[in-house]
Amino acid sequence: IVTGPDNLASNGVVHIVNEVITIPDVTTFATADPIFEVLVQALTRDDQPDFVGTLSSFEAPAPFTVFAPTNDAFATVLTELGVETLADIEGPTLTSVLNTHVIAGSILRSNNLPSGTVETLGETFELDGTIITDQNGRTIAIVVTDVQAGNGVVHVVSSVILPDLNLDPPP
């Protein structure tokens, strides 16, 4: 709560608040934005590891580079996989999918994204500029870059990055 608004200073305005404002972590953006509701559902599903605990940490394996798919990206992949809901995806498969969206121990901003094979907590994928090619030959665009958090960076992706699911290659 702002307890002392509009305190003029020589170089700006200061607002006094009643508590310390914490630095957001990479999970803050997903939980605060409704376009990531399905991602949050996936990360917090009962049969999944404590993704939120891990990704909200500032300790190793942080920092993180996270590729965050939107609700629309999940809707598209559910159709691609021929399933109705997120609940139709087996737990180990969902864990692998989610792990493939996270690079641990590194902050890769748009100006230092590597070209070539990228190692994630799940499987690898190929990166060329802002285009990802997953293990199934599907191309995914990074549509928003460099959302900075205290323990990493988030990039929004147009599709869910899949591990090798033996899918037919895209036409």
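Student: Is H155 buried or exposed?
Tutor: This is a predicted model, in which local features need pLDDT of at least 70, side-chain atom pairs count only at pLDDT 80 or more, and totals for chains, interfaces and linings use all residues. Residues are numbered from 1 along each chain as its sequence is written, and side-chain values use heavy atoms, with hydrogens and water left out. Buried means under 20% relative accessible area, exposed over 50%, and partly exposed in between (1.4 Å probe, protein chains only). H155 has a relative accessible area of 0%, so H155 is buried.

Student: Which backbone oxygen does the side chain of H155 reach?
Tutor: A polar contact is a pair of N or O atoms within 3.5 Å; within protein, one must be able to donate a hydrogen and the other to accept it, and residues adjacent in sequence count only if both atoms are side-chain atoms. Here the distance is 2.7 Å. The oxygen belongs to L108.

Student: In which strand does H155 lie?
Tutor: Strands (E, at least two residues) and helices (H or I, at least four) are DSSP runs, numbered from the N terminus. The run that holds H155 covers residues 152-157. That is strand 9.

Student: In what sense do strand 5 and strand 6 pair?
Tutor: Strands of a sheet pair through backbone hydrogen bonds, either parallel or antiparallel. Strand 6 spans residues 125-128, and three bridges link it to strand 5. V118 has F125 as its bridge partner. The sense is antiparallel.

Student: How many residues join strand 1 to strand 2?
Tutor: Strand 1 (residues 2-9) and strand 2 (residues 12-17) are antiparallel over five bridges. V2 is bridged to V17. The link is a hairpin, and the joining residues number two.

Student: Which residues have the most contacts inside the largest nonpolar core?
Tutor: A nonpolar core is a set of buried Ala, Val, Leu, Ile, Met, Phe, Trp, Tyr and Cys residues joined through side-chain atoms within 4.5 Å. The largest has 28 residues. Elements supplying at least two of its residues include helix 1 (26-32), helix 4 (71-81) and strand 9. The residues asked for are L39 and F74.

Student: What do the buried residues of helix 5 pack against?
Tutor: Helix 5 runs over 91-99. Its buried residues are G91, L94, T95, V97, L98 and N99. They pack against helix 2, helix 3 and strand 4.

Student: How many helices and strands does the protein chain have?
Tutor: From the N terminus the elements run β-β-α-α-α-β-α-α-β-β-β-β-β-β. The C-alpha trace spans about 60 × 35 × 30 Å along its principal axes. The count is five helices and nine strands.

Technical notes: Pairing = 2+ DSSP bridges. Contact = heavy atoms within 4.5 Å.
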